[in-house]
Amino acid sequence: MAYKDLREFIEDLEHRDLLKRIKTPVSADLEITEITDRVSKFKDYRNVALLFENVKGYDIPVLTNAFGSYERMALALGVEKLDDIADEIREMLKLPYLSLKNKMSLPGLISTARKAINFPKYIKNAPCQEVIDHNPNLDKLPILKCWPLDGGPFITLPLVVTKNPKTGKRNVGMYRLQKYDSTTTGMHWHIHKNGAENWRDAKISGENKIEVAVAIGTDPVLTYAATAPLPRDIDEMVFAGFLRHKSVEMTKCITVDLEVPAASEIVLEGYVLTDELRREGPFGDHTGYYSLADDYPVFHVTCMTHRKNPIYFATIVGRPPMEDCYMAKATERIFLPLLQQMLPEVVDINMPLEGVFHDCVIVSIKKQYPMQARKVMHAFWGMGQMMNVKMIIVVDSHVDVQDLSEVAWRVFNNIDAEHDLEIVHGPLDVLDHSSPMAKWGAKLGIDATKTWPEEGHSREWPEEIEMNKDVKARVNYMWRSLNID
């Protein structure tokens, strides 16, 4: 199901008892965070999306924790489970390798391909421009201050739209925006992000600014798409069209030469100067620690448009599990088939919530030759955002990487500290505070696969303990009569 906008998603969440309306007066200063944090940690029916309808000092409601469970994340993407999207991608990936063996499925696959490519549609009289304010005032928005030591209030779910000045290609990324005053915010695009690349290209081209539009409160697929680690030249709105099986409706901004999702709740238009930096942060981040203050570009807001009675969409990040964990889990499952295209030996991966997705990746492989685990580690470190992963654990194909207890058992029992640890140096996520140097440092690979004689293990490797299948079957048959459970 493709939701036409955020409001339809909210209605569906409420219909399924997955949303709670909070009518008690609450403050955007820390209180919404504390409530959301407690709810996000529940592991039962109490973990729901929250719609704060009475935010002190504002007449705009705030939605949080909308994606904060596997169920709600799958619902947001219109599937029963996140792996459904991966299965669809696997079908798509069959197309370049058609043969006589599967020619009978050719019409169906071509039909699937045609349906998958849904380019954006451009409309006028968009809902996001029902109200146009050429004298914007960010003080009207219930922008949250999330944690006590934060540098200020932060917009945390913005879709930041820019165009590359050389190619004209659009990028939609998600970069937090610290509110400085009523018309300016920080623009926290990391050095390796496409938005930052567009900004640098504008500077190299001799331009003194780059136009920017920020959409807040889009339909859930669009919000997710802005976080996806797509290749440089893939339009996030085309990707969103694939996920929702329906084109994204876009509209031209009022004062900048950019397009935004037409059903956005709120849109900020403006520019970022190429020679202006300002101190941004600290910010209580998804690592569970504060990311440190640093200098970043500044976004100047020159126009604000919004729907009548807009809804402010926000996320709270902090010590996992929180909402962003489930968004990242969606990325893990959706992009697994593409990873397997490049590394066919990969069986499954798990990016544990505790590793906040750039600190640890566990991967199972079909090991076929010596040192293959090392090859996989280095391939990961050379692949897009995987370059930031601080620890990669490789296990054999029969190991369930989703079972952290089993993985720990394998690591603790299988490794030899001298031979099975691979330490390299390279890029690290800017949020990594443990490295002595910012943005780079040492990374660890752990080969927890069975060590082969060809890899220098001269001793006999013992068999794993496992009961005979016929004994298991007999005990299964008699189990009820034992009255054990």
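Student: Why is Trp-199 called buried?

Tutor: Happy to start there! Buried means under 20% relative accessible area, exposed means over 50%, and partly exposed lies in between, using a 1.4 Å probe and protein chains only. Trp-199 has a relative accessible area of 13%, so Trp-199 is buried. Keep in mind that this is a predicted model, where local features need pLDDT of at least 70, side-chain atom pairs count only at pLDDT 80 or more, and totals for chains, interfaces and linings use all residues. Residues are numbered from 1 along each chain as its sequence is written, and side-chain values use heavy atoms, with hydrogens and water left out.

Student: What makes Trp-189 and Trp-199 an aromatic pair, and why is the pair called tilted?

Tutor: Rings of Phe, Tyr and Trp (its six-membered ring) pair if their centres lie within 6.5 Å; planes under 30 degrees apart count as stacked, over 60 as edge-to-face and the rest as tilted. Trp-189 and Trp-199 are 6.5 Å apart centre to centre, with 40° between the planes, hence tilted. Trp-189 sits in the loop between strand S10 (184–186) and H6, while Trp-199 is in helix H6, ten residues apart. Helices (H or I, at least four residues) and strands (E, at least two) are DSSP runs, numbered from the N terminus. Trp-189 also counts as buried, because its relative accessibility is 3%.

Student: How many aromatic pairs does the structure hold?

Tutor: There are nine aromatic pairs. In one of them, Tyr-70 and Tyr-326 lie 5.0 Å apart centre to centre with 90° between the planes, which makes the pair edge-to-face. Tyr-70 is in helix H3 (residues 70–76) and Tyr-326 in helix H9, so the pair ties together parts that are 256 residues apart in sequence.

Student: Are these two tyrosines buried or partly exposed?

Tutor: Tyr-70 has 44% relative accessibility, so Tyr-70 counts as partly exposed. Tyr-326, at 10%, counts as buried. Elsewhere, ring pairs link Tyr-3, Phe-9, Phe-67 and Phe-313 into a cluster.

Student: How do you know that the charged end of Arg-46 sits over the ring of Phe-42?

Tutor: The rule asks for NZ of Lys or CZ of Arg within 6 Å of the ring centre and within 35 degrees of the ring normal. The charged end of Arg-46 is 3.8 Å from the centre of the Phe-42 ring. Lys-209 lies over the face of Tyr-271, at 4.8 Å from the ring centre.

Student: What makes S4 and S12 paired strands?

Tutor: Two strands pair if DSSP finds at least two bridges between them. Two bridges join S4 to strand S12 (residues 249–252), and these strands run parallel. Lys-121 stands opposite Glu-249 in S12. The open sheet has three strands in the order S4-S12-S13, with mixed pairing.

Student: Why are S4 and S13 called edge strands?

Tutor: Strand S4 (121–122) and strand S13 (259–261) each pair on one side only.

Student: Which residue classes line the largest pocket?

Tutor: The lining has 26 nonpolar, 15 polar and nine charged residues. Here Ala, Val, Leu, Ile, Met, Phe, Trp, Tyr, Cys and Pro count as nonpolar, Asp, Glu, Lys and Arg as charged, and the others, Gly among them, as polar. A pocket is an open set of points on a 1 Å grid over the protein atoms alone, where a 1.4 Å probe fits, with protein on both sides within 12 Å along at least five of seven lines; lining residues have an atom within 4 Å of a point. The largest share of this lining, ten residues, comes from H9.
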